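Biologist: I have a chain here that I'd like to go through. Can you take me over it?

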Amino acid sequence: MLNKTILIGRLVRDPERRYTQTNIAVTSFTLAVDRDRKGPNGERQTDFIDCVSWGKQGDFVKQWFTKGMMAIVAGRLQSRNWEDRNGNKRVSIEVNTDEVTFGETKKARDHAHGSDLVPELPPVDQDALGADDFAPLDDSDVPF
């Protein structure tokens with residue numbers, strides 16, 4: 001059997017993180033994913049897909065993703081039965097993520113949202129740089 005889902009869409013709202021009773025992070029978010037075809041009146045149709053990320057991946061999503069950002073999600077489709085406050089039985093369908101990555105560069109996102117406030121920097125003359133001009137990379141600054 002195969003259960004593999006790959007989605008590209010934009011976050012509808014900021015991710016929400018909760019913790020299980022055993023202190024494992026669970027981050028929930030919803031992706032707006034446009035359909036390939038337009039509706040009967042020519043309007044764009046969009047599906048809203050609930051996604052769940054666990055543990056460190058959930059922490060990553062909470063730290064680096066916000067409303068409106070494009071994300072690429074790979075995971076498996078999962079159904080969950082539950083009971084609402086009125087005792088009605090409900091079923092939720094969600095993607096339990098295996099991978100969540102950025103769907104666009106920060107520069108493209110900032111430009112699309114009118115936040116391109118950083119001026120272009122002139123090119124660096126690599127030959128003029130010496131070995132003392134470089135600092136070691138701190139892995140905690142890298143989001144992946």
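Biologist: Start with Ile93. Why does Ile93 count as partly exposed?
Modeller: Because its relative accessibility is 48%; buried means under 20% relative accessible area, exposed over 50%, and partly exposed in between, with a 1.4 Å probe and protein chains only.

Biologist: What should I know about the model itself?
Modeller: This is a predicted model, where local features need pLDDT of at least 70, side-chain atom pairs count only at pLDDT 80 or more, and totals for chains, interfaces and linings use all residues. Residues are numbered from 1 along each chain as its sequence is written, and side-chain values use heavy atoms, leaving out hydrogens and water.

Biologist: Back to Ile93. Which strand does Ile93 lie in?
Modeller: Strand S6, residues 89–102. Helices (H or I, at least four residues) and strands (E, at least two) are DSSP runs, numbered from the N terminus.

Biologist: Which residues form a nonpolar patch on the surface with Ile93?
Modeller: Leu77 and Val91, and together the three have about 280 Å² of accessible area. Areas come from the Shrake-Rupley method with a 1.4 Å probe, and for residues only the protein chains shown count as cover. Nonpolar side chains (Val, Leu, Ile, Met, Phe, Trp, Tyr) are joined within 5 Å, like charges within 9 Å.

Biologist: What does S6 pair with?
Modeller: S5 and S6 pair in the antiparallel sense over 13 bridges; two strands pair if DSSP finds at least two bridges between them. Gly75 has Thr97 in S6 as its bridge partner. In the S5 and S6 hairpin there are 5 residues between the strands, and Gly87 takes a positive phi near 85 degrees.

Biologist: How many bridges join S1 to S5?
Modeller: 6, between S1 (residues 5–11) and S5 (residues 70–83), which run antiparallel. Ile6 has Ala74 in S5 as its bridge partner.

Biologist: Now the helices. Which residues of H1 are buried?
Modeller: In H1 (residues 55–64), Gln57, Gly58, Phe60 and Val61. They cover an arc of only 155 degrees around the axis, so they sit on the same side of H1; the arc is that of the directions from the helix axis to the C-beta atoms. Lys56 and Gln63, on the other side, are exposed.

Biologist: What do the buried ones pack against?
Modeller: Strand S3 (25–38), strand S4 (44–54) and S6, where contact means heavy atoms within 4.5 Å.

Biologist: And the overall order of elements?
Modeller: β-β-β-β-α-β-β-α from the N terminus on.

Key:
Patch = residues over 30% accessible without salt bridge, like charges linked within 9 Å, V, L, I, M, F, W, Y side chains within 5 Å. Salt bridge = Lys/Arg side-chain N within 4 Å of Asp/Glu carboxyl O.
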